[in-house]
Amino acid sequence: MAQLTTDGTGAASTIEINPDEMTHIAKELLAIAKEFEGVIKPALNQLKGNKYLTEGEAKKAMDKVPKANERVMELQDQYNMASSVVFDILQSMIDADRDIAEKIIAALDV
């Protein structure tokens with residue numbers, strides 16, 4: 001478990017980062033992104049092309065659907081941004097571990 005201790009004005013706090021939890025979060029975010037690409041996006045495209053929903057009596061009831069669909073796809077952007085942050089954290093952890101390993105090797109003259 002990685003820890004970061006900070007001293008702010010008048011208070012100290014510790015941030016603990018569990019690598020197992022971070023990789024679990026990363027996998028979940030990837031699964032959600034895959035769901036958007038493989039299921040949600042094609043379903044929304046199918047709705048757009050459905051003549052029953054875009055013409056005739058249903059048209060009036062379906063006027064708000066395109067805006068709602070846009071909002072759903074905005075969620076995909078949010079999940080992508082969140083996954084980028086998680087992967088940046090994981091990369092920072094990998095880099096820090098590599099730096100520590102190199103210092104240990106140098107200190108041992110291996």
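Followed from the N terminus, the elements run β-β-α-α-α-α. The model is predicted, so local features need pLDDT of at least 70 and side-chain atom pairs pLDDT 80 or more, while totals for chains, interfaces and linings use all residues. Residues are numbered from 1 along each chain as its sequence is written, and side-chain values use heavy atoms, without hydrogens and water.

Next, select residues 19-49, helix H1, together with residues 65-108, helix H4. Their axes (lines fitted to C-alpha atoms over the stretch in contact) lie 9 Å apart, and the packing angle is about 155 degrees, on a scale from 0 to 180 degrees between N-to-C directions. H1 and H4 are therefore roughly antiparallel, a term for angles over 145 degrees.

Within H4, select methionine 81. Is this residue buried, partly exposed or exposed? Methionine 81 is partly exposed, because its relative accessibility is 47%; buried means under 20% relative accessible area, exposed over 50%, and partly exposed in between, with a 1.4 Å probe and protein chains only.

Finally, display the whole chain of 110 residues, of which buried residues make up 15%. Contacts (heavy atoms within 4.5 Å) with a separation of 6 or more can also be examined: residues 24 or more positions apart account for 56% of them.

Note on methods: Helix = DSSP H or I, 4+ residues; strand = E, 2+ residues; numbered from the N terminus. Parallel < 35°, antiparallel > 145°, perpendicular 65-115°, else oblique.
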